[in-house]
Amino acid sequence: MGDLFWNKVAGVIIGGLLLVMVIREIGGILFPTPPAGELAYPVDADLLAGSGAPVAVETGPVDYGLLLANASASAGERIARRCVACHTFNQGGSSLQGPNLWNVIGRAAASYEGFNFSAGMRNYGAVWGFQNLDEYLENPRAYVPGTAMAFAGIRNQSDRMDLIAYMRQQADNPAPLPDPLPEEEDEASAENGEAVENGEAAENGTAETGDEAEAEEDEAGEDADDDDGATEEAEDETEDNGEEE
Ligand code: HEC
């Protein structure tokens, strides 16, 4: 082993490293890395943002008639405990941090005498009904920007319905419940009608329930004069259905 042995070893190692670096550089120049395109696994930006916004599952309008008919005011009274730090619900109850809520359904927002409402609520100014109350209680500050009600909201729809059913009762004259949406009515009337078994209507085996009910009505009311034109409509539909067969 000569004096320069370790120098040579070091030279070989350093030379090797240099070579690797040079090859990498050349490789980078010859085969440039394509710019990052779309993510192979796209991530939902909303999820990353963690907005926590409820995902809307309902399609179509909310059927308040149906929901409220099935709501429980006594369960709602328990949910109202979340409000009593700031509100009274009883007749003549005093206003606390928030206004007294007796008769609130049917009352114009921010109209309660002697309560100092926020500008946001005064600007809102609509009359409280089932739907806007529901939307307000789900997320007060999103629904009435600038509201002074420091309450996060009730995300659970059936809890809100129970609460609103209770609030409706805290009134001199509880507001009438809205009618359920028409489809529900059709189903109900089709249910209580006898199954369409005989006569022309039976030929429309494929007709929808609503049509069945109408067609049946048509049969029954053929000679009744109080039939307000529905007969003709039903006949038309019967013909249409017949053609399809
Ligand atoms: C931290 C206190 C607080 C809590 C808790 C609270 N509220 Fe309120 N609420 C207020 C205040 C303050 C206002 C007045 C809002 C404004 O002026 O913007 C208000 C306003 C309202 C209004 C509008 C009243 C009107 O006359 O226009 C309704 C309805 C209402 N609250 C219902 C509820 C219900 C139901 C709950 C329970 C689920 C609840 N609040 C919980 C403080 C509260």
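Modeller: A helix here is a DSSP run of type H or I with at least four residues, and helices are numbered from the N terminus. By that numbering, Ala 80 sits in the loop between H4 and H5. The model is predicted.

Biologist: How many helices and strands does the protein chain have?

Modeller: Twelve helices and zero strands. Read along the sequence, the pattern is α-α-α-α-α-α-α-α-α-α-α-α.

Biologist: Back to Ala 80. Why is Ala 80 called partly exposed?

Modeller: Ala 80 has 18 other C-beta atoms within 10 Å. Buried needs 20 or more, and exposed needs 12 or fewer. The count of 18 falls in between, so Ala 80 is partly exposed.

Biologist: Which residues does Ala 80 contact, leaving aside neighbours within four places in sequence?

Modeller: Phe 89, Leu 163 and Tyr 166. The cut-off is 7 Å between C-beta atoms placed from the backbone. Ala 80 and Ile 164 are 84 residues apart in sequence, yet their C-alpha atoms are 9.2 Å apart.

Biologist: What makes His 87 buried?

Modeller: The count is 21 other C-beta atoms within 10 Å. The threshold is 20 or more, so His 87 is buried. His 87 also lies in the loop between H4 and H5.

Biologist: Which residues does His 87 touch, not counting those up to four places away in sequence?

Modeller: Leu 96, Gly 98, Asn 100 and Leu 101. His 87 and Trp 102 are 15 residues apart in sequence and 9.7 Å apart, C-alpha to C-alpha.

Biologist: Why does Ala 110 count as buried, and why does Asn 103 count as partly exposed?

Modeller: Ala 110 has 20 C-beta neighbours inside 10 Å. The rule asks for 20 or more, so Ala 110 counts as buried. Asn 103 has 17 C-beta neighbours inside 10 Å.

Biologist: What share of the protein chain is buried?

Modeller: Buried residues make up 19% of the 245 residues. Among contacts with a separation of 6 or more, 49% join residues 24 or more positions apart.

Biologist: Which residues make the contact of H6 with H8?

Modeller: H6 brings Phe 130, Leu 133, Asp 134, Leu 137 and Glu 138. H8 brings Arg 160, Leu 163 and Ile 164. By class, the contact has five nonpolar, no polar and three charged residues.

Biologist: What makes three of them charged?

Modeller: Asp, Glu, Lys and Arg count as charged. Asp 134, Glu 138 and Arg 160 are in the contact, so these are the three charged residues.

Biologist: Finally, the ligand. Which residues come nearest?

Modeller: Of the 28 residues around the ligand, Cys 83, Cys 86, Gly 98, Ser 118 and Met 121 do. H5 (119–124) and H6 each supply at least two residues of the shell. The shell divides into 20 nonpolar, six polar and two charged residues.

Notes:
Residues are numbered from 1 along each chain as its sequence is written. This is a predicted model: local features need pLDDT of at least 70, side-chain atom pairs count only at pLDDT 80 or more; totals for chains, interfaces and linings use all residues. Two residues are in contact if their C-beta atoms, placed from the backbone, lie within 7 Å. A residue is near a molecule or strand if its C-beta atom, placed from the backbone, lies within 6 Å of it.
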